[in-house]
Structures are given as structure tokens and as C-alpha cells.
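Please read this report with the sequence and the 3D structure open beside it.

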Amino acid sequence: MTTTQMTLADAELPKVRVDILPLLIVPVLALLMLPLVGSFPTWVTLTVAGLAMGMMVFMMASGLTLIFGLMDVLNFGHGAFVSVGAFTGTLVLLPMKNWVEADSVLMNLSVVGLAIVLAMVVTGLLGWAFERIIIRPVYGLHLKQILITMGGMIVAEQLIHVIWGAEQIPLPLPETFRGAFIIGDAALEKYRLIAVCVGLTVFITMFLVLNRTKVGLLIRAGVENGEMVEALGYRIRRLFVGVFMAGSALAGLGGVMWGLYKETLTAAIGGEMTVLVFIVIIIGGLGSVGGCFIGAMLVALVANYAGFLAPKLALVSDILLMVTILLWRPQGLYPVAKR
Amino acid sequence: MLRTLLSGDLPRSRMLSATLLVVFIGLALAPFVVSGARSLNVAATICVFVVLVASYDLLLGYTGVVSFAHTMFYGIGAYGVGLALTGMGPSWTAIAVGTVGALLVSLVLALVIGLFSLRVRAIFYAMITLAVASAFAVLASQLSDFTGGEDGLTFKVPELLQPSFHLLEATIMGRAIDGKLITYYLLFFSALGLFLFMLRIVNSPFGRVLQAIRENDFRAEALGYRTVIYRTLANCLSALIATLAGVLMALWLRYVGPKTMLSFEIMTDILLIVVIGGMGTIYGALIGSALFILAQNYLQVLMGQTSAALSGVPFLANLFHPDRWLLWLGVLFVLSVYFFPTGIVGKLRAGTLAKVDRRP
Amino acid sequence: MSETLLQLTGVHTHIGEYHILQGVDLTVPKDGITVLLGRNGAGKTTTLRTIMGLWHASRGSVSFNGSDITQAPTPDISCAGIAYVPESMGIFSDLTVRENLYLAARQGEIDEKRLEWIFGFFAALKKFWNQPAGTLSGGQKQMVAIARAIVEPRKLILIDEPTKGLAPAIIQGMIAAFRELKATETILLVEQNFNFVCSLGDTVAVMDGGRIVHSGMMSELAENRDRQHKLLGLSLDSHQ
Ligand SMILES: Nc1ncnc2c1ncn2[C@@H]1O[C@H](COP(=O)(O)OP(=O)(O)OP(=O)(O)O)[C@@H](O)[C@H]1O
Ligand SMILES: [Mg+2]
């Protein structure tokens, strides 16, 4: 018995490897840009704008990356959930016009909150149906998955046209969300600050769920080895469905936030984001929520700084960023361990 | 003779042969049997799409790789010729320079993207090509000094191909032998040549290796085939042929622009045609393109009538609105992926397949 | 011998187009250690995976504790009381040792008493309790994998080659641990290392070419060197 303890326990204590380099990129990038941008107020405005956009992209991308990590399914139609979310939001925001136009923070917040809840419920349910009807027959078949989810996206976009008509829908921001706070010389748009808050809330909630709850641990375990999760006695199918619904609902949330940001809706609003969302999850490492968060911030910040410093470069800044990151880490910032 | 021409890959179904023959004859005689610029335009578009879609099938159907950059290569071909003709004036040299330049650009891009991401999984490749293609489209529409921006470029083609040029004073079957007709036949015979070439490729040993890789890349690798190399080669080949399709389209339209050459809608069209026509058959590209382009141009009229008839019923009227035809196509697409992944060609062949399979 | 806990009768398993198990008949009695031996590629792992429902038998039947589990889904088999330690260990490397065990405890919380018992022979786990399991050494990971299987009482534990890639000193530790386990658990242990199991096993079965080619008492096989040579051939020499 004693030998056991000797040999087995006295092995050198492994260092806990916390990979902080990717975490540092965002602040370092922001600081580096300060002298280049030149003016501090402009820099603050650009940075906040970048963070706000990044948060919204994160809402759309986090679900996609989690679904991919757990189920090995890449939903090319994820953008459709963003669109559906945004359009569902209008079902609340347009009829309750007086609440939107009211000069009351409380009324504005509650009407947007209601729109978000409805959008998330609808996209969540849609996700459930999508998983059952579209995805389930093609688990493990990547080629068919790509084709079928692409087809699902085309159908969904067209159905939005059928239901809401082919015209653009104006979606004005609530009264009290308009304008900006002026701090010193820096103008901070209110809605961007709201987006940052919502995005952070989503991120922290996801972080807590994934690290502190049994379901979260199971999801992380399932990302690495779904078979073992089953062998421990858990039905991974239920996790799949749950995560797919949650991911779709998050896309719906992102849709409402993004729609309000753009203030007009077209059926392609989500589809247009697909490329950006893909770049973000590739940069982050397919399947990694933390990587996705950093990726979203990076892409959005780089786009904003580039747009200011070199507008022509901004057109391809996200691709260049992706290539740079992949040259540094071919699997993305936080590669996900797979069995 | 015919067997050699088709590289031994015969249609293997009476229905399929008949359909192919109808499309072929229709396209060959199009200028003489249809009237009006629009109809000839439809025929020319079909010719180009046959090449474009078949080259995509080379990748998707025969290699099992999903790429979203196919329109990019198509666009490179079109812009190559467009820019050369704009810059150097309407000469055959300009066309040659534009084509060769475009082919080189496509080759390099296809190689780089391929080596960069084909080693990884199909999904990764699909995502990367989507990103690269969209960046390319943005560049083409934003660098307006160079590419004409959103408006695109209109340019002159060599005299022989100009509509105002008349080869003969006389008309044949009431059809003037003008530049437009010559251009059409340039397209038609180029498309025919490229189509037969692709049929040859997929039935060569190279094509068989590609199919082996598609079926089971582990096994192919174990048998000693460097799958990355084969995939990259297929990718390059497919990109080059798509580039040529772009060249043909530019010559026909005498115009290039981001909407007509690079938009994502064209990419989804290609995807729809390949799947509905029949993946991994090459013939599917021919039938699929013909059906699709015809439907795009004529079915919408029918839908418009249905929609008008239903105008009292709000939801249904929208459902059948001519602009919603993609909805029905999308549904058809999803259903085909599930229920008949070999598409129309596969369906037509299914009846005769049993007999063919009994060959040694 | 005591009553039968697990019974495989004429089990055939196909993986894709390959016919791997070709009629496996295997009996695992209640209590003690049943050892499954066999050379590389004999089908040992496939047998365990078939029991666990990770592959499904195309013919034959698997019955456990009196009920038929041949076509049951993996989670149901697990809940029926079978724990599995796969050849690759199946550690969740992103999760800490504690979280790994926590997920294995289906009751909700880890039983403190049992945990102390486990720490008794796998002391390293206590030390690395809050480390990500991915940072552990191979032997320590193996401990996590086994601990996960025994963190709650199970009726049967399937363990696939626990000594794979471990140093002789660590293997000694494992033997001690298995002696301890054996007292209370029923184990089906797959091994290639005959010296490791010859003192541990109660009953033994030998596989080759997807079939059971010998089964009997371990003590008999341990004494009969001729038979060992015949059944295990090379694998015996290679492990000295
Ligand atoms: N996923 C698979 N696909 C195809 N064949 C497989 C697969 N898994 C195992 N096999 C084959 O099944 C046979 C039995 O494999 P198995 O893993 O059960 O052997 P084993 O007895 O556990 O060998 P080892 O001692 O090397 O672990 C082998 O010939 C192997 O090649
Ligand atoms: Mg094994």
C-alpha cells in the first residue's frame, strides 16, 4: 500500500496551464491603437463602438460555436435565427409604439425586454424544430449538414418575406436609448453602452452556467467526449436539443439587438452576418466560448480602428485578422480538445 | 465514337438520354428556333451555367468538398477579361491576356486556399472559402477606381463579336449572321468542349481516386494516395474551369459587375442546381442548369399568375409571388438532399441501374 | 461459482462493413475479477463497447443482471449499473479531477466516505483534486478514469487495459489498488499484460479473431505454462 502512495502521489505537481496570451491581445491592441488614433476622445468612442459591435456579434456567434463543439454540427443557417429573432422583435416593438416612443426609461426597457423574451422564445422553439427536422437525420454527415442547413437558411429567409413582406421594416430605437453621453470630449452612444451591458451579461451567465452547474459541466464534457458522457449515464441527445435551443435563442437575442442597432430590418440581416460570425468562431477556436468572446471583440475592434485609420483596409481587415491568428495558432486562439 | 466522346460515361437511361438530347439540340439550334434577344440570352446563360455548375460538381459531387468560393473564380474570369478589354481596347490579344491573367490568379488563389485549409475538415474549408469569397466580392464592389465599383464595367468586344457586325449579307432561316450569333456559338462550343473535358476527367483514373477519397478518405490515404494533393488538384481544376465560364459570360454580356458575377445568390443558385440536377454525375449540371434557368425566366410568370389569382388570400398570395420562387426551390433542395441525393439524373438512372450494375 | 451477472451469447458485432465479433460467448460471474485476455486486434475493446451499447450487436444477446440489454442505449446500460473505463480513458481534460468525479456521481454529490476510500489507494487524486484533469500524467489520468467508475457503487465495472503505457512501478500500485477493489466490486478486466492479471484474476477468458477461444479459472491457466503459450503466444513474451 505504501509503495502505491509513494509512486503515485509524489509525481511532480503539474503546473496549471492558464493560457493568458489570447486574453492579453484585446487590451494590448486597444492600447497600441491609442497613439495611432491620436485623439483620446476619438479613441474612446471607437473602442466603445468596437466593443458594442463585438458584444452583439458574440451573442450571435456563441451559440453557433457551442453547438458545433458539442454536436459537431455547423449550422450554416444560423443567420436565419438572427433574422427571425429580429423580425419577431417587431411583433412587440411595432404595435407597442407608444411605449417605444415614450420618454421613460422604464417603459422603453420593458418593451425591449419583452421583444427580446418573445424573440428568444420563438427562435428557441424554432431551434427545437430545426434540430428535430433538419439536423437530426444528418448527424455525422458533414457534407449533407452544410447543404441542408444552407437550404434551411434559404427557406427561412424566403418565409420571412412571405410573412413580413419584401419591404424593409424601419425599427426605430426607443426614445431614451437615442443620443449619447458626453464625457469630456468623448461621445458614448447610449445604445452601444446598453449593448455592451447585455453582451457582458450573456457572457458572464454562460461562463457561470458552463463552470458552475452540472449541465454546464456536462456540456463541456460532451464537447470533448460525448460518448463518455453517455457511458456515465447521461442522455447526450437531451443536451444536444437543449444547447441547440439555447444557441438559437441567443441568435434571436443578437437579432433583436442588431436590428435595433441598424434601425432597419431586411430578411438578410442575419445572413449578412454569417461570414463575420464564422470568422469570429474560427479565430476563437471552433467550439470554444471563451475564444469566441475574444474573437468577437478582436474582429469588431480591428474593424473600427481600421475603418478610422485606413478605410480601404477595413474592407478586408477581418480576413487579414483571421489569417494572422491562424498563422500564429492554426486551430484558433483556444483550440478545443477532441478525443 | 459517341462512347469515346462521352468518355464511356453514357447516360445509362433512356429518359436521361432523351432529355439530354433535347437540351443539346435546343441549345445547338437556339438562335434559329427561338426569337428575341431574351430567349437567346436564356440559352447563352444555360451554356455558361452548364460549365460553371459542372465544374462545381467536380468538387462537390466527385470530391466531397463544399466550397463557397466558386463565384469568386467565376468573377475572376469575368473581371479578367473585362479589365483587359477595358484597358487594352477591344482586341483578341486583350481577351487572351485577360483570360490567361485570370487563370493564373485563380490558380494561385485556389492553391493557397486549398493548401491552407483542405488538410482540415470539410466544414473548415467551407467556412474559409465563404469568408474569402465575401471579402473578394466586397473588394470588387468597393475598389471603384479599378473595377467600376457597384456599377461594374461595360466594355467593347472585338469586332467579330459585336452585335453590329454582319458576317453575311444574307440571313439563314430568317436569322442574321451577326456578332451576337457568333458569340453565341463561341459560347456553345466552348461549353461543349469543357463539358466533354470534365466528363473525361471524372472518368479518368484521377477521377476515380477523387471518388475513392470522397467515399472514405482514411482508406484512400491508407492505400497510399495523398488526399491533400488530389483534393487540391481537383480544387484548382474546378477553379480554372469556373474562371473560363466567367470569361465566356463576360464576352456574352459585354459587361462585368459584382451583382451579376460575384453575388452570393449565384453561389446558392449553383448549389441548388448541382444538388437538384444530381451530385457526382456531371450530366446533372446540364439538366439542372437548363431547368433552373428556364424556370427562373419563365416559371416566375406562371407564379405571378397564380399569385394574382390568389390575391384575395393574403398569405397564399405571398407564397406564390414570383419573387418567392426561391422558397420553393429551397424546399425542393432540402428534400433532394434527404430523399434523392443523386438528384434528377439519379432518379432517371435508378430504373436502369439494376441492369447496369450486373456488368462485371 | 456464484451466480452469473453478465452473459454474452453468440454476439456478432459489425463496425461499418467489417465483421469484428464473430460469436462471442462470455460469462461474468458476480464478485471478483474476470480477466479478458487476447492479442492486439482480437476484439476485446469491441466486446466491452458492445456490452456498453457503444456498438450494437447485429446478432446474439447480451443480458445483464437478468435483463436483456442487447439493443439498449448506452445511458440506460450505464444506469443499470455498469461503469466503463475505456482504453483511451475518456478523461474530460478541461474539467478538474473533482468535476470529473462529480459528473460520475449520478446521485448528485460525491459520497465523502467512499471518496476517502478511493484516496486510500489513489492518493494522487487528493493532491490534484482541483487541477484540470488534462494536466495530469498518464498514470494519474488512469486513476481518475477508474475512480470515476467506482465513485458510486456499481454492479459491474468494465476496465480496458489500465496498465497501457504505465511504468512498472506504477503498475505495482495498480495491482494494490485492484486487490482493494476486488473485495467489494465485480470487474471485467481487459488486459494484455499477463503478469499483471495472473495474480488478480479469478476467472479468465481468452479471445482471438473475434471469438472466445478459452475460458476457465485463472489459477488453472496460471499454472499451465503450455496452455499460456498456446493461447497467448507472442503477447506473453513481449511482456516478460
Ligand atoms: N472503428 C473501427 N473501424 C473499423 N475497424 C475497427 C474499428 N475499431 C476496431 N476495429 C477493428 O476491430 C478489430 C478488433 O479491435 P479491438 O479494438 O476490439 O481489438 P483489441 O482486442 O481491443 O486490441 P488491442 O489489444 O490492440 O486494444 C481490429 O481488427 C480493429 O482493426
Ligand atoms: Mg483494445
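In what follows, the donors of a metal are N, O and S atoms within 2.8 Å of it (3.2 Å for Na, K and Ca), and because water is not among the atoms, sites may look incomplete. This is a predicted model, in which local features need pLDDT of at least 70 and side-chain atom pairs count only at pLDDT 80 or more, while totals for chains, interfaces and linings use all residues. Residues are numbered from 1 along each chain as its sequence is written, chains are lettered from A and ligands numbered from 1 in the order in which they are written, and side-chain values use heavy atoms, with hydrogens and water left out.

The magnesium ion, ligand 2, is coordinated by OG1 of T45(C) and OE of E87(C), at 1.9 to 2.4 Å. These two residues are 42 residues apart and link distant parts of the chain, since T45(C) is in helix 1 (residues 44–52) of chain C, whereas E87(C) is in the loop between strand 6 (82–85) and helix 3 (97–104) of chain C. Helices (H or I, at least four residues) and strands (E, at least two) are DSSP runs, numbered from the N terminus. T45(C) is partly exposed at 23% relative accessibility, and E87(C) is partly exposed at 25%; here buried means under 20% relative accessible area, exposed over 50%, and partly exposed in between, with a 1.4 Å probe and protein chains only.

Which residues come nearest to ligand 1? Of the 14 residues around ligand 1, they are N40(C), T45(C), T46(C), E87(C) and Q192(C), where a residue is near a molecule if one of its heavy atoms lies within 4 Å of it. Helix 1 of chain C gives the largest share of this shell, three residues. An oxygen atom of ligand 1 is 2.8 Å from a side-chain N or O atom of N40(C), and for Q192(C) the corresponding distance is 2.5 Å. The protein covers 63% of the 630 Å² of accessible area that ligand 1 has on its own, such areas coming from the Shrake-Rupley method with a 1.4 Å probe.

**Salt bridges**

Side chains of opposite charge can pair when their charged atoms come close. A salt bridge is counted when a side-chain nitrogen of Lys or Arg is within 4 Å of a carboxyl oxygen of Asp or Glu, and the whole structure holds 13 salt bridges over all chains. Three of them are listed here.

| Pair | N to O distance |
|---|---|
| R237(A) and E131(A) | 2.9 Å |
| D208(C) and R39(C) | 3.5 Å |
| K182(C) and D202(C) | 3.3 Å |

K182(C) lies in helix 7 (residues 168–182) of chain C and D202(C) in the loop between helix 8 (194–198) and strand 9 of chain C, so this pair ties together parts that are 20 residues apart in sequence. In chain A, salt bridges that share partners join E131(A), R136(A) and R237(A) into one network.

**A nonpolar surface patch**

I20(A), L21(A), L23(A), L24(A), V28(A), L32(A) and W328(A) form a nonpolar patch on the surface, with about 660 Å² of accessible area together. Patches are made of residues with over 30% relative accessible area and no salt bridge, like charges being joined within 9 Å and nonpolar side chains (Val, Leu, Ile, Met, Phe, Trp, Tyr) within 5 Å. Helix 2 (residues 21–37) of chain A gives the largest share of the patch, five residues. L24(A) is found in helix 2 of chain A and is partly exposed, with a relative accessible area of 41%.

How values were computed. Polar contact = N/O pair within 3.5 Å; in protein donor to acceptor, adjacent residues only side chain to side chain.
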